[in-house]
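Subject: Structure for you to look at

Hello,

Please have it open in your viewer while you read.

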Amino acid sequence: MDHFPGNWGQPRSRDDHVFSSTDYFPGHNAYDVGSRAASGPAQRTQQPMVTGTSVLGITFKDGIMLAADTLASYGSLARFRDVQRIIKVGDSTLIGASGEVADFQYIEHILETLTIQEYDHDDGQKLSPRHIYEYLSRVMYGRRSNFNPLWNSLIVGGVKDGDRFLGFVDLQGTTYQSSTIATGYGAYIGQPLLRKAVEGREDELTEEEARKVLEDVMRVLFYRDARSLNKIQIATVTAAGSKITEPYELQTEWAFAEGVRGYGA
Amino acid sequence: MPITHEYQSASPVKAPVEHRFSPYTDNGGTALAVAGEDFCVVAGDTRQSEGYHINSRYQPKVFQLSNGSVLATGGMYADAVTLVKRLEQRLEWYYHQHEKKMSVDALAQMLSVILYHKRFFPYYVWNTLGGIDGNGKGCVFSYDPVGNYEKHHWNCTGSAGHLIQPFLDNQIGFKHMQGIQRRFLTPEEVVRIVKDSFTSATERDIYTGDYVEIFIVTAGGIDVQRVPLKRD
């Protein structure tokens, strides 16, 4: 199967023998209606409905930076254009999500519950990014083992006690850590650009350079990923704490379209 | 594993296909172990892949266990991590109950049982276990995902297993050689062969590369070496 959220709801999957069912109204085409009748047996996420596309994450000198756009698509429809896909968990951790938005908002809820429980212990301990990542990955793996996955690819980033952390976990419980991570379409188009800019320079890259790298890659993704938006958020976490920018528009250049046959006039 | 129904039509209208969830994936990679007379060498590359993607260049899948043995895994990384967590917990319980560390032979049998307990929803992992047995001799065990296991002198599994195994048969086991003195190799000789195995496999197998991590297990402890491989 195709687990890359960037492929979900594409007009045609890049697996050229597979057609997408989510083009117009996911779950409401003639073929699916029978199995989705009301009051049937308990439903599990068998396909994502409202999805977010790529998230990017990189390591820089002082910490971790994530980027995502604010679009939640309903198949090929740009349904919700102002949805936050990067969240703070505690003071030192950020999580970015692609895939099913509802599942991500549920994850946000369980992490908030976890944070409150930990706070109530009042033992002076704070969850580090690695703790949150471990917890999340066990939740994701547990759900996949019960055949009831949370349909997301998640990036966890954070800094705690001078320790930078950037990790990935998805709906199958697959985990890995790397100095650059990209989900969805970004894994195809963004990751090579991120690696070229970051690999081997993790301890040199400044915050300003890191932001430029992410903006440039987000712009490339906006040009090529039909499920993306030019409205993005960039989140940074350093020893000083974490911040998420308000959504802002990327400047794009379309003058070239004039000279492309079938694009301009 | 993916189940897709295809309905093709001549019209431009897209025919529907359901996205089916598969709980399994293959993260590639290669691992091997060689038993020496009084030592054992276990090695694995550190690349994690999925399809044509390289997820990470350094996500080790060879694990040092608390009883002094080393477990090399391959296949689905998420299952491997889960399996290692269970093994570590059992090793700890054993240690507290019996006030001694579990022997490698006992661990070998236990691993088989744990794998078979999930016979109908298997851990999609090919394991190679290496260590020093009760008699102070190097030992290697290899497993399939449902718990079949066998004791070897050397073994290689994973995406480049078919490339490396015959090389080890020749270089470690002196197979197909005539007029030579068969003998146990020294740790240095084994490590050299292991490095050559992985550099060669990296040339031909896209799932092997980035680094090879080599664990040399002796009675005195475990020494770890990390050697760079090609990153392409």
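Asp161(A) counts as exposed, because its relative accessibility is 74%, where the cut-off for that label is over 50%. Do keep in mind that this is a predicted model. Asp161(A) sits in the loop that links strand S8 (152–160) to strand S9 (163–170) of chain A. Its backbone is worth a look too: phi is positive, about 50°, although Asp161(A) is not a glycine.

His176(B) is not a glycine either, and its phi is positive, near 60°. You will find His176(B) in the loop between helix H3 (161–171) and helix H4 (187–204) of chain B. With a relative accessible area of 77%, His176(B) is exposed.

Now for chain A as a whole. The secondary structure of chain A consists of 5 helices and 14 strands. Of its 265 residues, 53% are buried. If you take the contacts in chain A between residues at least 6 apart in sequence, 64% of them join residues that are at least 24 apart.

How does its span agree with its 14 residues? At 1.5 Å a residue the helix should span 20 Å, and the end C-alpha atoms are 19 Å apart, so the two values agree. H4(A) does bend, by about 45° at Gln191(A), and a proline, Pro192(A), follows within four residues. After the helix comes Gly200(A), which has a positive phi near 85°.

Which residues of H4(A) are buried? They are Tyr185(A), Gly186(A), Ala187(A), Gly190(A), Gln191(A), Leu194(A), Arg195(A) and Val198(A). Within chain A, the buried residues of this helix pack against strand S2 (55–60), strand S11 (180–182) and helix H5 (207–224). They also pack against strand S4 (53–56) of chain B.

Leaving out neighbours within four places in sequence, Arg195(A) is in contact with Thr180(A) in its own chain and with Ile54(B), Asn55(B) and Arg57(B) in chain B.

Polar atoms of the Asp45(B) side chain lie 2.7 Å from the backbone nitrogen of Thr30(B) and 3.3 Å from the backbone nitrogen of Gly209(B). Not counting residues up to four places away in sequence, Asp45(B) touches several others, among them Gly29(B), Lys61(B), Phe198(B), Tyr207(B), Tyr211(B) and Leu229(B).

Beyond the neighbours within four places in sequence, Asn148(B) is in contact with Ser142(B) and Tyr143(B). Leu111(B) is 37 residues from Asn148(B) in sequence, and their C-alpha atoms are 9.9 Å apart.

Last, the aromatic rings. Over all chains, the structure holds 15 aromatic pairs. One of them is formed by Phe168(A) and Tyr176(A), which are stacked, with 4.5 Å from centre to centre and 15° between the planes. Both Phe168(A) and Tyr176(A) are buried. There is also an aromatic cluster made up of Phe147(A), Tyr24(B), Phe121(B), Tyr124(B) and Trp126(B), with residues from chain A and chain B.

Note on methods
Residues are numbered from 1 along each chain as its sequence is written. Chains are lettered from A and ligands numbered from 1 in the order in which they are written. This is a predicted model: local features need pLDDT of at least 70, side-chain atom pairs count only at pLDDT 80 or more; totals for chains, interfaces and linings use all residues. Side-chain values use heavy atoms; hydrogens and water are left out. Helices (H or I, at least four residues) and strands (E, at least two) are DSSP runs, numbered from the N terminus. Buried means under 20% relative accessible area, exposed over 50%, partly exposed in between (1.4 Å probe, protein chains only). Contact means heavy atoms within 4.5 Å. The expected span of a helix is 1.5 Å times one less than its number of residues. The bend at a residue is the angle between axes fitted to the seven residues ending there and the seven starting there. Rings of Phe, Tyr and Trp (its six-membered ring) pair if their centres lie within 6.5 Å; planes under 30 degrees apart count as stacked, over 60 as edge-to-face and the rest as tilted. A polar contact is a pair of N or O atoms within 3.5 Å; within protein, one must be able to donate a hydrogen and the other to accept it, and residues adjacent in sequence count only if both atoms are side-chain atoms.
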